[in-house]
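Have a look at the structure first.

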Amino acid sequence: STPLYSSAASDVYKRQTVGHRLALWALAKDYGQTGFEYSGPLYSSMTIIGSVARLNFSHAKGLRTPDNELREFETAGADKVFHKAFAWIEGVRVFVESKEVRNPVAVRMGWSAAPQPNLFNRAGLPASPFRTDNWPGLTDSVRW
């Protein structure tokens, strides 16, 4: 059986991980320290090559995935309907393609209620969820 403390230990690890990432960001951005990576990969631009989207990132040295396959990538055509996509890493870029989308115009990663993307840089910092489009979202008109 699972020990009662396993959930609490997991929560502590998650908090430490987030705290470490925030500390790296603060050291770089607020205290001006250099010589270390402080951010995970951040989407910067997209180029369409036929049916494939080529994504560029900042903080992308050593792009990797601990799994055999990148998760959480989707692409859409002009109809604005997103479909699950196959993504792969080549150097500091990610390429994305879907059989359902012949002419992609938008890509997104980690765009779900509980995303679990698995794209990291050499420093082990995760990529932030992103989208390449500026289409209206489901909650854009909702006032909280």
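Q: Which residues lie nearest the centre of the largest pocket, and how many residues line it?
A: Arg21, Gly40, Pro126, Ala127 and Ser128 lie nearest its centre, and 15 residues line the largest pocket. A quick note on the source: this is a predicted model, where local features need pLDDT of at least 70, side-chain atom pairs count only at pLDDT 80 or more, and totals for chains, interfaces and linings use all residues. Residues are numbered from 1 along each chain as its sequence is written, and side-chain values use heavy atoms, with hydrogens and water left out.

Q: What makes something a pocket?
A: Picture a 1 Å grid over the protein atoms alone: a pocket is an open set of points with protein on both sides within 12 Å along at least five of seven lines, whereas a cavity is a set where a 1.4 Å probe fits but cannot get out. Lining residues have an atom within 4 Å of a point.

Q: What volume does the largest pocket have, and how does its lining divide by class?
A: Its volume is about 310 Å³, meaning the space filled by probe spheres set on the grid points, which are joined across faces, edges and corners. The lining splits into 11 nonpolar, 3 polar and 1 charged. Here Ala, Val, Leu, Ile, Met, Phe, Trp, Tyr, Cys and Pro count as nonpolar, Asp, Glu, Lys and Arg as charged, and the others, Gly among them, as polar.

Q: Which residues line the second largest pocket?
A: Lys14, Thr17, Val18, Arg21, Phe120 and Pro126 do. By class that gives 3 nonpolar, 1 polar and 2 charged residues, around about 190 Å³ of space.

Q: Why is the pair Asp67 and Arg71 called a salt bridge?
A: The label needs a side-chain nitrogen of Lys or Arg within 4 Å of a carboxyl oxygen of Asp or Glu. The closest N and O atoms of Asp67 and Arg71 are 2.6 Å apart, so the pair qualifies. A search of the whole structure finds 3 salt bridges.

Q: What does the salt bridge between Arg108 and Glu74 tie together?
A: Their side chains meet at 2.7 Å, N to O. Arg108 is in strand 7 (residues 106-109) and Glu74 in strand 3 (residues 73-76), so the pair links parts that are 34 residues apart in sequence. Strands are DSSP runs of E, at least two residues long, and helices are runs of H or I, at least four, all numbered from the N terminus.

Q: Is Arg108 buried or exposed, and how do you know?
A: Buried means under 20% relative accessible area, exposed over 50%, and partly exposed in between (1.4 Å probe, protein chains only). Arg108 has 18%, so it is buried. Glu74, at 22%, is partly exposed.

Q: How do you know whether Asn118 is buried or exposed?
A: Asn118 has 2% relative accessibility, so it counts as buried.

Q: What makes Asn118 and Arg71 a polar contact?
A: A polar contact is a pair of N or O atoms within 3.5 Å; within protein, one must be able to donate a hydrogen and the other to accept it, and residues adjacent in sequence count only if both atoms are side-chain atoms. The backbone nitrogen of Arg71 lies 2.8 Å from a polar atom of the Asn118 side chain, which is within the limit.
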